[in-house]
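Trainee: I have a model open and would like to go through it. Can we start with the strands?

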Amino acid sequence: MNVAWAWTILVVVVGASLVVLVTRREQTYRALKDLDRRWIFLLMLLAVAIPILGELTFPEKPTGLAKAVFDEIEKLEPGDKVLMAWDYDPASEGELGPMATAFTYHCCKKGLKMYYMTIFSPVGPQMIEDAIEHVIKADFPHLEYGVDYVNLGYKSGYEGVIKVIVSNIRELYTTDHYGKSVQDIPMMRDVRNIQQMDLIINVSAGYAGLKEWVLFAATPYPDLTLVAGVTGVMAPQQYPYIPEQLRGLLGAIKGAAEYEKLVLDKYGDEDPDPKYLKGKQRMGPQLIAHMLIIVLIIVANFVYFAGKRRERA
Amino acid sequence: MDRKTLIWTIVFLLAGAYLVLRSMTGGMARTYMKAVDFEFVNVAADGDEPEWIQAKPQVAADHDPNELANYPDENRQSWTRYESAPLKKYAKAVKEDPNQTTYLLSISRTIGVWLSAMFTLAIFSFLYKDSIFYKIAEAVVVGVSAAYWMVVAFWSTIVPNLIGKLSPAIVQAWAMPGLKEEQNLLYIVPLVLGAMLLWQLAPKGGWISRWPLAFFIGVFCGIRLTGYMHGDFLYQIGNSIIPLVVMVNGSFDFWGSLRAVLLVGGLLVCLVYFFFSFEHKGIVGKTAKVGIWVLMITFGAGFGYTVMGRIALLAIRLEFLFDDWLWLMDPTDKRLGM
């Protein structure tokens, strides 16, 4: 099923709704005016569930912001240092998990040194573990912990953590997530602060997250390059930072699907592992659910204006 | 029993019977694991610092497996780690050797999947109406989260960053043998401030907790003020002062110019809307009205993004219910016969 088919269905549904509205205006108005909201919940459930069960997907066309994120990682050379700030938790895994997986896959393919950390939530380290287990250990078993990647875990203190580690990472990170001294981790030996990172990749679900990385790392230290992926709620607030303080941004699951395409087009196999297509898979329900919302907005406006007209009469 | 209650009772009974049947026949929610044996061998001579070399699951590079096999049992440390495994691999292993012990059915993880599914449905039940199931799930989430935050903050911050700085030897002996820190008595200051903060729990002397609180508020205000002034205020003024006519390689860029005009124009009309020193009449009123439109378009874009986010969250819960719990789909090819 492609986008043309989806639009055809939308036009047919909207057209049929309009015919019903025009021909049986009075009955439709009365039925919709007192419609139990639970019918809308049920419709939304079906709009999301049916595409999931049918594994409905649509083609993606990457936009400029996704390309900007991809290009910033492409500019790096093997062995360059990347700070992977995974500032999200299971509550936002649905939106941010696919882009976190794609970021890790891209960095592994490029041969970059990955420094994982989180300042958002105590369950952030589990999100890092997911990326390590499902991508690095599963598909890049030759990469060695402490040499190619490290999990520095969670530190409380929000932007205070960023303020400290931009000048001295050892002040806060004395051990990694597993309690091993950072002095015994080869890839940490020559790292004094995060200004030495060639790129910061932030996957953010709220406070502390992208805004704090922009304000306390990328802005006072313009040599630090920052790209990010954020939830849909956060995305509109981050646009003013592009491109000076933030080089690229993946907004919600749509951004993840676009970035996945860019990464898989360059580095993927002919038949990529389904775990690298999660963003694309979750765009199927998005399209159908958005169509439903468009229809509901039209119907709600009909009820509103019809009610106004009756009040005047 | 009225008609509505009867219908719901029948729906719940049918759903329950379906779940019992599916779970009894092994057709849903089961989780499997793989037992991975780890073994390390101490190759150091007696009296020297221990030198642990990995022998299992794979031998460390530059070491001979036969040589490591010669060391006595007292030089060995071993344990088993259980990793998630797909049904596909479990079925293959059982087919090859019915008595194998590498791949196992995980009872605890299977119960976890059931609990997770039940809590998801309990939260969803709120969409129908507020219920005891929703209340229980909500209370469990709040309680577990609070306890989890406390435990993680204790082990990730207080142990390595406070006790570990004040007395590294105690932390090394008690909790983190890998910690290699030197004593730093300056950390007595945060220890005292922390203790003072907890004083508000005492029956008397609650005012003591206000001093560290004042310190923290002052510090955070300072940090945030400078950050926001620099990154949000000054930088955003700089980002808004842009040429309205954009030239690329000596030629006029129509779309770039239009974008710049919209950005600067939108900013100015929004500023006019929030400017209350003049009455919103005449040209000021008309400009402010355009400002409202720009704001409405911005809120609409924000609403669209929010809807996208919420649908993604619903999608992942349904994916979990259909894939991990009910086994109605298999997008990652984990199971047989789907």
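Mentor: First a definition: two strands pair if DSSP finds at least two bridges between them. Keep in mind that this is a predicted model.

Trainee: Over how many bridges do β4 and β5 of chain A pair?

Mentor: Strand β4 (residues 199-204) and strand β5 (residues 226-230) of chain A pair over five bridges, in the parallel sense.

Trainee: Which residue does Ser204(A) stand opposite in β5(A)?

Mentor: Ser204(A) stands opposite Val230(A).

Trainee: And what order do the strands of the sheet have?

Mentor: The order is β3-β2-β1-β4-β5-β6 in chain A, an open sheet of six strands with parallel pairing. The edge strands are β3 (149-154) and β6 (248-251) of chain A, and each pairs on one side only. From one strand to the next, the twist averages 15°.

Trainee: What holds paired strands together, in general?

Mentor: Strands of a sheet pair through backbone hydrogen bonds.

Trainee: New topic. Into which domains is chain A divided?

Mentor: Domain 1 covers 3-58 + 279-312, and domain 2 covers 64-278. Their C-alpha centres lie 38 Å apart. The contact between them takes six residues from domain 1 of chain A and nine residues from domain 2 of chain A.

Trainee: What about the two chains? How many residues does the contact take from each?

Mentor: It takes 47 residues from chain B and 51 residues from chain A.

Trainee: Which element gives the largest share of the chain B side?

Mentor: That is α10(B), with 17 residues. By class, the side of chain B that touches chain A has 27 nonpolar, 15 polar and five charged residues.

How values were computed. Residues are numbered from 1 along each chain as its sequence is written. Chains are lettered from A and ligands numbered from 1 in the order in which they are written. This is a predicted model: local features need pLDDT of at least 70, side-chain atom pairs count only at pLDDT 80 or more; totals for chains, interfaces and linings use all residues. Two residues are in contact if their C-beta atoms, placed from the backbone, lie within 7 Å. Helices (H or I, at least four residues) and strands (E, at least two) are DSSP runs, numbered from the N terminus. Ala, Val, Leu, Ile, Met, Phe, Trp, Tyr, Cys and Pro count as nonpolar, Asp, Glu, Lys and Arg as charged, and the others, Gly among them, as polar. Domain bounds come from an automatic or database domain assignment. Axes are lines fitted to C-alpha atoms, for helices over the stretch in contact, and angles run from 0 to 180 degrees between N-to-C directions.
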